[in-house]
Amino acid sequence: MAEIMQIHRQEDPTHEHHSQRQHDPFQEHHSQRQHDPFQEHHSQRQHDPTQKHPSQRNFPNKMPQQHHQQPQQGYHYPMEHKGNMDSRYRMPNAPKREHCICITIFFLLLGIILLILWLAYHPSKPHITVTSASIYSLNATSPPFMSISMQFTIFLRNPNKHVSIYFDRLSTYVSYRNQPITPHVILQPLYLEKHGTVSVSPVLGSVPVPVSADVMNGLVVDEGYGVVGVKLVFQGRLRWKSGEIKSAHYNLYAKCDLLLGLKKGLVGQIPLIGAPVCDVDS
């Protein structure tokens, strides 16, 4: 019976197939995968405490992630107690603010003092008066040049009670119909004390001056009537002085409208018709 069973097993194909399944190479491969060293290495990496997470790896084109921190909205000075600030942490601009207030008050007081001084010592313009005029020659027969020689007596008065005046530069000339008929004559520097008066008598002209035909003909016509209207013009620079303080230079421009009783052939002192009016601008 045992021999019959052995023979049957040898001839049974299903038994051979079952034995082959037990020795299937796929089964061997599956068993090898269970003991794969890579699998063991992977399991070791999972339990390795020194291994970094993939998100923490340093890549060449990726910046390392930083912990998110809340932005500081401002530094809060430590407080000893609520409502009081430590003296070591006081605001540093407090002294600057005090200095600015002091400087502002100083300049405000200085401006008030200067205004009071200006109102008390406000300088008035000098007064100019022409008292007499003389003529020595008049030649208007060689156009376009004419020559005239004249002399005027002029008084300059300082009306200020607390301020004196320096005339550093002063010149004068005579004009007719807004054209000069004498060259500029430079006067000597003058000094006017408080309520002081100075008189000058410059001689103007005696040098040929080019003039237009209108000036030449008009002067001949007015001389025939016996009344010639001219202007005596002053130009210069002056300074004011109060105590030991001297001001800067100021420009001076003055003109005096004169009506001369001039007749043809008259030489010497000539009358002034009306009261000469001098307008001073400084």
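Predicted model: local features only at pLDDT ≥ 70, side-chain atom pairs only at ≥ 80, totals over all residues.
A residue is called buried here when its relative accessible area is under 20%, exposed when the value is over 50%, and partly exposed in between (1.4 Å probe, protein chains only).

Residues are numbered from 1 along each chain as its sequence is written, and side-chain values use heavy atoms, with hydrogens and water left out.

## The chain as a whole

The protein chain contains 6 helices and 16 strands; helices (H or I, at least four residues) and strands (E, at least two) are DSSP runs, numbered from the N terminus. Of its 282 residues, 25% are buried. A contact means heavy atoms within 4.5 Å. Among the contacts with a separation of 6 or more, 68% are between residues 24 or more positions apart. The chain exposes about 21,200 Å², and carbon and sulfur atoms supply 56% of that area; accessible areas come from the Shrake-Rupley method with a 1.4 Å probe, and for residues, only the protein chains shown count as cover.

## The cysteines

Back to Cys256. The structure holds 1 disulfide, a term that stands for a pair of cysteine sulfur atoms within 2.5 Å. The bond joins Cys256 to Cys278, with 2.0 Å from S to S. Cys256 belongs to strand β14 (residues 250-260) and Cys278 to strand β16 (residues 277-281), so the bond ties together parts that are 22 residues apart in sequence. The torsion about the S-S bond is about 115°, so this disulfide is right-handed.

What keeps Cys100 from bonding with the cysteine whose sulfur is closest? The sulfur of Cys100 is 9.3 Å from that of Cys102, which is too far for a bond. Cys102 is in no disulfide. Cys100 is partly exposed, with a relative accessible area of 47%, and Cys102 counts as exposed at 51% relative accessibility.

## Salt bridges

A salt bridge is a side-chain nitrogen of Lys or Arg within 4 Å of a carboxyl oxygen of Asp or Glu.

| Asp168 | Arg239 | 2.8 Å |

Which parts of the chain does the pair of Asp168 and Arg239 tie together? Asp168 lies in strand β5 (residues 164-176) and Arg239 in strand β12 (residues 228-242), so the pair links parts that are 71 residues apart in sequence. Asp168 is partly exposed, with a relative accessible area of 27%, while Arg239 is buried at 18%.

Asp214 is partly exposed at 48% relative accessibility, and Arg177 is partly exposed at 44%.

## Aromatic rings and charges

A pair of aromatic rings is described by the distance of the centres and the angle of the planes. Rings of Phe, Tyr and Trp (its six-membered ring) pair if their centres lie within 6.5 Å; planes under 30 degrees apart count as stacked, over 60 as edge-to-face and the rest as tilted. The structure holds 2 aromatic pairs. The centres of Phe106 and Phe107 are 5.5 Å apart with the planes at 70°, so the pair is edge-to-face. Phe106 counts as exposed at 52% relative accessibility, and Phe107 counts as exposed at 53%.

Tyr166 and Tyr191 form a tilted pair, because their centres are 4.6 Å apart and their planes are at 40°. Tyr166 lies in strand β5 and Tyr191 in strand β8 (residues 190-192), so the pair ties together parts that are 25 residues apart in sequence. Tyr166 is buried at 17% relative accessible area, and Tyr191 is partly exposed at 36%.

Which charged residues sit over the ring of Tyr166? A charge sits over a ring if NZ of Lys or CZ of Arg is within 6 Å of the ring centre and within 35 degrees of the ring normal. The charged end of Arg239 sits over the Tyr166 ring, 5.2 Å from its centre, and the charged end of Lys246 sits over the Tyr166 ring, 4.9 Å from its centre. Arg239 also meets Asp168 in a salt bridge.
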